[in-house]
Amino acid sequence: MPVPGVCPSPGLMKVGGARAVQQLFLRSGSGRVHGGSQFGRGRRGMSQSVGSRSEVVASASGPVVVVTGASRGIGRAIALELGRAGCRVVVNYASSKGPAEEVVAEIKSAGGDAVAQGGDCSQQADVDALIAKAVEAFGTVDVLVNNAGITKDGLMMRMKKDAWDAVINTNLSGVFLCTQSACKVMRKARQGRIINISSVVGLTGNAGQANYAAAKAGVIGLTKTVAREYASSGIQCNAIAPGFIESDMTDVLSDKVKEGIIATVPAGRLGKVEEVAGLVKFLAMDPAAAYISGQTIAIDGGMTMM
């Protein structure tokens, strides 16, 4: 099932009104695996010009991007957006090889280039193989998008340690492992951009998601630390915190529950995966993003504004 930005707990989907909204589980992923800084310095294989959406022309010579959990949902939208903008994309997947190959084919049909690479981002060997694949296929890693994640929801009083460990290992340790491995390549080039997909849950917490909220909050802290440690190497690191995003999983909600959700969003609607992907593209490619680092940008229709 494609990855939504937000999904309610199945056990609460029949609960309506304000109570349902309070208990809805906001996510940047589904209940399954989802799934310097200005490029163009003349290095072989790099894009010679990276600009705004209207300026980018699809080609097979743009920045090399690794997107984890890219076979579905938000990750898929990100991979397609960057591929259409001319990036060379490594489409990571955990188990959905078929959908990942479809993403690769769609990117190539748009004039970009891409390869698929399976692997569990919580496993060091798989992460090393993922980054090695990017270097083997395209010569480097210019951008890393840490999107892969899982959920294992439940009230904290009943949560098993296995559920805690699984989510922390993938959603937080996986980001650490991928970032550490990619930065070894980026440091040699003295440039790179890292975008971590967190969640508004990491900002607000959420009942029934102690493991997920802790992991996503951890990603925000990790983002700031990476931004500080690698700034002198020309590497930027930012986080995105999606709110309620349209998906196949939110499509199954009743109209009453959807109305309750939308009532909490000042923009008066759900977000779209393409909007998240567009923000990733800006942070990954646009010269105007060259002075942005260590930030967490909520894309939630104003729901969590301070």
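Student: Where does Asn-147 sit in the chain?
Tutor: In this predicted model, Asn-147 belongs to the loop that runs between strand E4 (143-146) and helix H5 (161-189).

Student: Is Asn-147 buried or exposed there?
Tutor: Asn-147 is buried, because its relative accessible area is 0%, and the cut-off for buried is under 20%.

Student: Which backbone oxygen lies 2.9 Å from a polar atom of its side chain?
Tutor: That oxygen belongs to Gly-69; the distance of 2.9 Å is to a polar atom of the Asn-147 side chain.

Student: You mentioned H5. At what angle do H4 and H5 pack?
Tutor: Helix H4 (residues 124-138) packs with H5 at an angle of about 35 degrees, and their axes are 9 Å apart.

Student: Why give both an angle and a distance?
Tutor: Both are given because two packed helices are described by the angle between their axes and by the distance between those axes.

Student: And is the crossing of H4 and H5 left-handed or right-handed?
Tutor: The crossing of H4 with H5 is right-handed. On the H4 side, the contact is made by Gln-124, Val-127, Asp-128, Ile-131 and Val-135. The H5 side supplies Leu-177, Cys-178, Gln-180, Ser-181, Ala-182 and Val-185.

Student: How many of the residues in that contact are nonpolar, polar or charged?
Tutor: By class, the contact of H4 with H5 has seven nonpolar residues, three polar residues and one charged residue.

Student: Now for what follows H5. Where is Arg-190?
Tutor: Arg-190 lies in the loop between H5 and strand E5 (192-197). Its phi is positive, about 55 degrees, although Arg-190 is not a glycine.

Student: How accessible is Arg-190?
Tutor: Arg-190 has a relative accessible area of 45%, so it counts as partly exposed.

Student: Changing topic: where is Ala-290 found?
Tutor: Ala-290 is in the loop between helix H10 (273-285) and strand E7 (296-299). Ala-290 is partly exposed, with a relative accessibility of 33%.

Student: What separates the C-alpha atoms of Ala-290 and Gln-236?
Tutor: A distance of 7.9 Å separates these two C-alpha atoms, while the residues are 54 residues apart along the chain.

Student: Last topic, the whole chain. How many helices and strands are there?
Tutor: The protein chain has 10 helices and seven strands.

Student: What share of its residues is buried?
Tutor: Of the 306 residues in the protein chain, 55% are buried. The accessible surface of the chain comes to about 12,600 Å², and 52% of that surface belongs to carbon and sulfur atoms.

Technical notes
Residues are numbered from 1 along each chain as its sequence is written. This is a predicted model: local features need pLDDT of at least 70, side-chain atom pairs count only at pLDDT 80 or more; totals for chains, interfaces and linings use all residues. Side-chain values use heavy atoms; hydrogens and water are left out. Helices (H or I, at least four residues) and strands (E, at least two) are DSSP runs, numbered from the N terminus. Buried means under 20% relative accessible area, exposed over 50%, partly exposed in between (1.4 Å probe, protein chains only). A polar contact is a pair of N or O atoms within 3.5 Å; within protein, one must be able to donate a hydrogen and the other to accept it, and residues adjacent in sequence count only if both atoms are side-chain atoms. Accessible areas come from the Shrake-Rupley method with a 1.4 Å probe; for residues, only the protein chains shown count as cover. Axes are lines fitted to C-alpha atoms, for helices over the stretch in contact, and angles run from 0 to 180 degrees between N-to-C directions. A crossing is left-handed if the near helix is turned anticlockwise from the far one by less than a right angle, and right-handed if clockwise. Contact means heavy atoms within 4.5 Å. Ala, Val, Leu, Ile, Met, Phe, Trp, Tyr, Cys and Pro count as nonpolar, Asp, Glu, Lys and Arg as charged, and the others, Gly among them, as polar.
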